[in-house]
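Dear colleague,

Please read them alongside the coordinates.

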Amino acid sequence: MANSNSTINDVARIANVSKKTVSRVINKSPLLSEKTREHVEKVIKEIGYVPNPQARALALRRNFIIAAIHDNPNAQFLVNVQQGILEGISGSEFALMVEPVDRNSPTIVNDVRQFLERQRPYGVVLLPPVSENDELADLCDSLGIRYVRMVSGELDKPENIVMSNDREAVYGAVRYLIEQGHQKIAFIEGPDSLSPAERRAGYDQAMAEAGLLVHDWMIAKGNYTFETGVEAGLALIDGAVRPTAIFASNDEMAIGAIIAARKRGIRIPDGLSIIGFDDTPLSSHIWPSLTTVRWPIVEMAKAAALKLIEDEETDPMLGVGLGSVLIERGSVRPLD
């Protein structure tokens, strides 16, 4: 019989399942069989149990908020992260909050502490490059707040990270250029952090294995923005030796390099091949369309959200080592 005073314990007892299973049903977890889900939902309906997120938040001294903390100038990256997290929490009682910070600020740890103590989120997703700051991870831990770091290397325990294979992905992309006959392959770096360093390492490895020397004129610095891509592209094109191909560490800089080539009257891909990294929507909309590495950022963000809202039974390896894929389009051609 329906009872407005029914509790989660009543649901678990009558359905003969654990409280964790009931919680997973309430939070629309994908980690349940349809048979179990239907059985528990039937019991919830029959006894009139109504989850009370406000009461649970008060008891846990937490809001049902997933906070994404970032310092990233790439707007499309943030859009993809939000899409992934929202997919992960879809149908649950959780909501998303995005908090920008300045990773170079001497007060960043204190700033994040104040934010966490004020908002009391249920969990935190630390986005790159902020995710590389061990002090922020330790801060979340000390406050008893769940956290997941989106990274390109094993910086933490598996349950606290989701990770992509940036080095392997760039290695494959540069090998692809080499197989197309290119040897003068320039590289546009990203800002100083782990992910750009992993991408540079993939480039260096591919060049070294092919017996190709990396000269100073082949490397230009960027900051993951379109403007720095234009600047870097012009510097490489106007340098001591003109490259036949450029790998840019993200799509925005790759598109900037395409514009730089056009400023110098160079046709893409006839006079210069270019590869980016991310596979943003714009990469397939420009002309010629951009050959790029598809970074599984949406999948990583979704896995991070699921790790936060699930319990300790969640596979700690979820989202660890997600692969990137080279998408061949129109900005690369074989060298004659």
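Asp134 is partly exposed, with a relative accessible area of 43%, whereas Arg149 is buried at 2% (buried means under 20% relative accessible area, exposed over 50%, and partly exposed in between, using a 1.4 Å probe and protein chains only). The side chains of these two residues, Arg149 and Asp134, form a salt bridge with an N to O distance of 2.7 Å, the term standing for a side-chain nitrogen of Lys or Arg within 4 Å of a carboxyl oxygen of Asp or Glu. Because Arg149 belongs to strand S4 (residues 146-151) and Asp134 to helix H7 (residues 134-142), the pair ties together parts that are 15 residues apart in sequence; helices (H or I, at least four residues) and strands (E, at least two) are DSSP runs, numbered from the N terminus.

This is a predicted model, in which local features need pLDDT of at least 70 and side-chain atom pairs count only at pLDDT 80 or more, while totals for chains, interfaces and linings use all residues. Residues are numbered from 1 along each chain as its sequence is written, and side-chain values use heavy atoms, with hydrogens and water left out.

In total, the structure holds 15 salt bridges. Another of them joins the side chains of Arg167 and Glu198 at 2.9 Å, N to O, and it links distant parts of the chain, with Arg167 in helix H8 (residues 166-179) and Glu198 in helix H9 (residues 194-209), 31 residues apart.

Best regards
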